[in-house]
Amino acid sequence: MKTVHAFPSDTTAPAVVAIERESAVDAVAVDALVMAAFGPGRFAKTAERLREQSAMLSGFTIYDDGALIGSVRLWSVTSGQARGAFLGPIAVAKTIRSTGLGGKLVARCIEEARDLGLDGILLIGDPPYFERFGFKPAPKAVFSGPVNAARVMWLPLTDVSPDGPVRPVD
Ligand SMILES: CC(C)(COP(=O)(O)OP(=O)(O)OC[C@H]1O[C@@H](n2cnc3c(N)ncnc32)[C@H](O)[C@@H]1OP(=O)(O)O)[C@@H](O)C(=O)NCCC(=O)NCCS
């Protein structure tokens, strides 16, 4: 059985980064990492409401010496004709940020969405961070809750783009 604890004691990225598929044993550590990164306010967010109604497609984790240091999840959604993965939350342990782990997690998500034959990846996030991966504004994706339209982004993998209400797929 994997022994996990939520916070790393080290501040350097592991020499070899292994991105693993999330499984049930990771859930407690993922919750703790996400809570530490975002705080309890995340539960009020439109994104969290959508995640509660969607099926989780995949989750990915990075561990270092038994400590979870990075996590990201993908959820199944549609918007118009587009079948997408809704990305989030993504979190990297505070002590180890800016060492490239967030980028590796996003890259793994893009690979996964491609493998699943999806039209793209949707998220609500900071454009200055996500633009570097190819995410673009998605003004036609309509969420059923308050959202800052400037933060709605889409990474296209096909010619089909979000256009209409973003619906969970369960
Ligand atoms: C966002 C997050 C996952 C990035 O993880 P990371 O491992 O630090 O990412 P990377 O190492 O790949 O990239 C770091 C770079 O992105 C920049 N960056 C990080 N978060 C950013 C943000 N919200 N907006 C703009 N730039 C950001 C850093 O300044 C750094 O820039 P540099 O390369 O010029 O030094 C991490 O900062 C985190 O967990 N934040 C708290 C949770 C959160 O806000 N998640 C969602 C973001 S919308």
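Modeller: Start with Ala149, which sits in the loop between strand S7 (141–142) and strand S8 (152–156). Helices here are DSSP runs of H or I with at least four residues, strands are runs of E with at least two, and both are numbered from the N terminus. Residue numbers run from 1 along each chain as its sequence is written. Bear in mind that this is a predicted model: local features need pLDDT of at least 70, side-chain atom pairs count only at pLDDT 80 or more, and totals for chains, interfaces and linings use all residues.

Ala149 counts as exposed because it has 12 other C-beta atoms within 10 Å. Ala47 is 102 residues away along the chain, with 13 Å between its C-alpha atom and that of Ala149.

Two other loop residues are exposed too. Asp65, in the loop between strand S2 (56–64) and strand S3 (67–79), is exposed, with 10 other C-beta atoms within 10 Å. Ser98, in the loop between S4 and H3, is exposed with 9. Most residues other than glycine have a negative phi, and most peptide bonds are trans. Yet phi is positive in Asp65, near 55°, and in Ser98, about 60°. As for peptide bonds, the one joining Gly88 and Pro89 is cis, with omega about -5°, and Pro89 is in strand S4.

Now the ligand. There are 16 residues around it, the closest being Arg97, Gly102, Gly103, Gly125 and Asp126; to be included, a residue's C-beta atom, placed from the backbone, must lie within 6 Å. Helix H1 (27–38), strand S4 (82–92), helix H3 (101–115) and helix H4 (127–130) each give two or more residues to that shell.

Finally, the inside. The largest nonpolar core has 44 residues, and Ala85, Phe86 and Cys109 are among those with the most contacts inside it. Such a core is a set of buried Ala, Val, Leu, Ile, Met, Phe, Trp, Tyr and Cys residues joined through C-beta atoms within 7 Å. S3 gives the most to this core, with 7 residues. Take Ala85: leaving aside neighbours within four places in sequence, its contacts (C-beta atoms, placed from the backbone, within 7 Å) include Leu57, Trp75, Cys109 and Ile121.

Definitions and conventions. Buried ≥ 20, exposed ≤ 12 C-beta atoms within 10 Å, placed from the backbone. Contact = placed C-beta atoms within 7 Å.
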